[in-house]
Amino acid sequence: MVRSVSAGETAPTTYAWAVHAQQLRVRAGRRMAVDGLDLALGEGVHGLLGPNGAGKTTLMRALATVLRPAGGTLSVLGQRVNGRLDLRRLRQQIGYLPQDFGFYRRFRVREFVEYIAWLKQMPARDVPGAVQRAIDRVGLTDRAEHRMRTLSGGMRRRVGVAQAIVNDPRVLLLDEPTAGLDPDQRLQFRALLRELAADTCVLVATHLVEDVAAACTDVVLLDEGRLVFQGVPADLAAAAGGDGPGDSPTERGYSELMRRHREGLA
Ligand SMILES: Nc1ncnc2c1ncn2[C@@H]1O[C@H](COP(=O)(O)OP(=O)(O)OP(=O)(O)O)[C@@H](O)[C@H]1O
């Protein structure tokens, strides 16, 4: 008997980059918020920085396959996402914390993370263990049975991270994950990022330049939908002008690169 083989089984499992964009264009409303972006990301933690309106959220949404690109090419885990292909398999391998993530207020923390695991079509036998592990990893073990509506803003954010990592994604997209976290939690979150960096492509959009310096292997600087800079945090710090704005070398490097870009010097 000849067994039929699904496309997924024969799809290549090796690819040069977890995320690869070439001249990518993505619309947000009427605006081309990502406009000619070239970007290649492998495993590791990539800090996505840029001013308000730079296109960070729009890029995240395209990578999460929520927005379809308007032009250029985009591959995630070796699969082109601008075609009309079935994206279900790919989505099962992506974790996404949106900037404003929605949840049911009456759900308990465990129920909510379980619900996302089911949406990601995780095998039923794996769900309880995976949910517990995700909740433990974000430090909410003692809140697992609490209702979402009773949590503080920072705790809800951590549930957002838990739901994003519950399926052990190979591409993890976190849009401002540290907003509202207290200093202790921010340190714990950085440790979690470093742990994930080993075998996951993590993209973290943030305005906290210090988070990037402390926990990212790589920095991606975006302005007006285009790549301004990509390099290790030390390169960002090295770009710092002597007396430019900013309280640390990394912040000064950010401001200096942005200034040079805007003045057409970069
Ligand atoms: N739904 C929309 N309709 C119209 N314009 C939009 C929409 N969403 C985003 N934009 C515009 O697209 C541009 C990029 O927005 P985006 O949210 O991607 O930026 P961002 O870098 O994430 O900004 P922030 O740091 O403020 O979160 C902005 O000029 C924004 O005003």
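Reader: How many residues does the largest nonpolar core have, and which of them have the most contacts inside it?

Author: Happy to start there, with the reminder that this is a predicted model. The largest nonpolar core has 72 residues, and Leu63, Val113, Ala162, Val171 and Leu173 are those with the most contacts inside it. Helix H6, residues 153–165, gives the largest share of this core, 6 residues.

Reader: Which residues is Leu173 in contact with, leaving aside its neighbours within four places in sequence?

Author: Leu173 touches several parts of the chain. Its contacts are Met60, Leu63, Ala64, Ile94, Gly95, Tyr96, Leu97 and Leu203, once neighbours within four places in sequence are left aside. Leu63 in that list is also among the residues with the most contacts inside the core.

Reader: Now the strands, please. How do strands of a sheet pair?

Author: The general idea is that they pair through backbone hydrogen bonds, either parallel or antiparallel. Strand E9 lets you see both arrangements. E3 (residues 44–49) and E9 run parallel, joined by 4 bridges, and His46 stands opposite Asp218 in E9. E9 and strand E10 (residues 226–231) run antiparallel, joined by 5 bridges; Val220 has Gln230 in E10 as its bridge partner.

Reader: How many residues lie between E9 and E10?

Author: There are 2 residues between them, and the two strands form a hairpin. In the turn, Glu224 has a positive phi of about 45°.

Reader: What is the order of strands in the open sheet of 4 strands?

Author: The order is E2-E1-E4-E5, with antiparallel pairing. Its edge strands are E2 (31–41) and E5 (79–80), each of which pairs on one side only. E1 (residues 19–28) is joined to E2 by 8 bridges, and Arg25 has Asp35 in E2 as its bridge partner.

Reader: Which residues come nearest to the ligand?

Author: Of the 13 residues around the ligand, Ala28, Gly29, Asn52, Thr57 and Thr58 come nearest. Helix H2 (56–63) and E2 each supply at least two residues of this shell, and H2 gives the most, with 3 residues.

Reader: One last thing: what is the mean pLDDT of the protein?

Author: The mean pLDDT is 89, and 92% of the residues reach 70 or more. Over residues 1–9 the pLDDT is below 50, and this stretch has 2 contacts in the model beyond near neighbours in sequence. Where pLDDT is low, the predicted coordinates should not be read in detail. For the complex, the predictor gives an ipTM of 0.96 and a pTM of 0.91.

Notes: Residues are numbered from 1 along each chain as its sequence is written. This is a predicted model: local features need pLDDT of at least 70, side-chain atom pairs count only at pLDDT 80 or more; totals for chains, interfaces and linings use all residues. A nonpolar core is a set of buried Ala, Val, Leu, Ile, Met, Phe, Trp, Tyr and Cys residues joined through C-beta atoms within 7 Å. A residue is buried if 20 or more other C-beta atoms lie within 10 Å of its own, exposed if 12 or fewer, and partly exposed in between; C-beta atoms are placed from the backbone. Two residues are in contact if their C-beta atoms, placed from the backbone, lie within 7 Å. Two strands pair if DSSP finds at least two bridges between them. A residue is near a molecule or strand if its C-beta atom, placed from the backbone, lies within 6 Å of it. pLDDT is the predictor's confidence in each residue, from 0 to 100.
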